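Let's talk through this model together, asking of each label what stands behind it.

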Amino acid sequence: MDAEKNKLAVGGFLFFTEKDAGLAQAEEQRIAYLEERIDYSSPESIRYIYEKTIHERLFRTPVGLRYLERLREFLLSRPEIDPATVMEIPLYVTFDGELREHTSPARSRVAPSKKRDRDKEKERFTLSVILNVMLALAIVAMFVISFVSDQPNILNYERAITDKYASWEQELNQREQTIRDKERELKLNE
């Protein structure tokens with residue numbers, strides 16, 4: 001159990017799932033990368049990194065949000081930066097357990113065009129209608145062929161079998177008549 005807890009603990013937080021813990025570990029790596037390259041002597045570069053990470057949503061777990069808070073506090077402590085211009089840190093979850101529906105994780109420039117989606121949907125609908133009409137015509141053609149065909153099938157098997165037996169019966173009657181005629185001739189000749 002302790003080994004499992006250790007897998008879920010990152011940066012002083014115990015996460016509910018391994019996926020969340022993995023996200024937090026990735027954010028820790030991003031933080032380490034930024035800290036290696038960040039220049040704290042330039043507040044404007046810190047502001048740029050701070051705002052860019054918020055817009056890109058690089059940090060979503062408490063580990064990353066704590067780092068953003070640290071950057072924000074640094075910016076607010078600098079006298080050359082107006083506190084009113086420092087962005088607030090957005091939270092993308094509600095605390096009753098639901099994700100916000102109206103926020104999209106993708107940047108707006110990457111968002112797919114709704115017109116293209118409607119066009120694709122329209123094309124799919126048209127294709128679906130055409131295929132359904134073709135299938136209906138094929139089914140009607142199969143029934144017509146079945147009715148017209150001389151071969152017995154599920155639609156005309158009774159008629160075909162009745163006709164076949166009727167022709168056999170007629171043949172047998174003719175043969176019997178022929179045999180009786182021959183027998184009479186033979187009796188007359190004797």
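**Labels and the values behind them**

Q: Where is Asp-117 found?
A: Asp-117 sits in helix α5, which covers residues 114–148. A helix here is a DSSP run of H or I with at least four residues, a strand is a run of E with at least two, and both are numbered from the N terminus. One word on the source: this is a predicted model, in which local features need pLDDT of at least 70 and side-chain atom pairs count only at pLDDT 80 or more, while totals for chains, interfaces and linings use all residues. Residues are numbered from 1 along each chain as its sequence is written, and side-chain values use heavy atoms, with hydrogens and water left out.

Q: How many helices and strands does the protein have, and in what order do its elements run?
A: There are 6 helices and 2 strands. Starting at the N terminus, the order is α-β-β-α-α-α-α-α.

Q: Why is Asp-117 called partly exposed?
A: Its relative accessible area is 39%.

Q: What makes the nonpolar surface patch?
A: Ile-139, Val-140, Met-142, Phe-143, Val-144, Phe-147 and Val-148 make it, with about 720 Å². Phe-147 lies in helix α5, and its relative accessible area of 53% is over 50%, so Phe-147 counts as exposed.

Q: Why is Arg-47 called buried?
A: Arg-47 has a relative accessible area of 13%, which is under 20%, so the label buried applies. This residue of helix α3 (residues 43–56) touches Leu-75, Ile-81, Asp-82, Thr-85 and Val-86, leaving aside residues up to four places away in sequence. A contact means heavy atoms within 4.5 Å.

Q: How do you know that Arg-47 forms a salt bridge with Glu-44?
A: Their closest N and O atoms are 3.6 Å apart. A salt bridge asks for a side-chain nitrogen of Lys or Arg within 4 Å of a carboxyl oxygen of Asp or Glu, so this pair qualifies. The two are 3 residues apart in helix α3, which means about one helical turn separates them.

Q: What makes Asp-181 and Arg-184 a salt bridge, and where do they lie?
A: The closest N and O atoms of this pair are 3.5 Å apart. Both residues belong to helix α6 (residues 157–189), 3 residues and about one turn apart. Elsewhere, salt bridges that share partners join Glu-44, Arg-47 and Glu-51 into one network. The structure holds 9 salt bridges, including Glu-36 with Arg-37 at 3.0 Å.

Q: What is the phi of Arg-57, and is Arg-57 buried or exposed?
A: Arg-57 has a positive phi of about 55 degrees, although it is not a glycine. Its place is in the loop between α3 and α4 (62–77). At 16% relative accessible area, Arg-57 is buried.

Definitions and conventions. Buried < 20%, exposed > 50% of the residue type's maximum accessible area, 1.4 Å probe, protein only. Patch = residues over 30% accessible without salt bridge, like charges linked within 9 Å, V, L, I, M, F, W, Y side chains within 5 Å. Areas by Shrake-Rupley, 256 points an atom, 1.4 Å probe, with all protein chains shown as cover.
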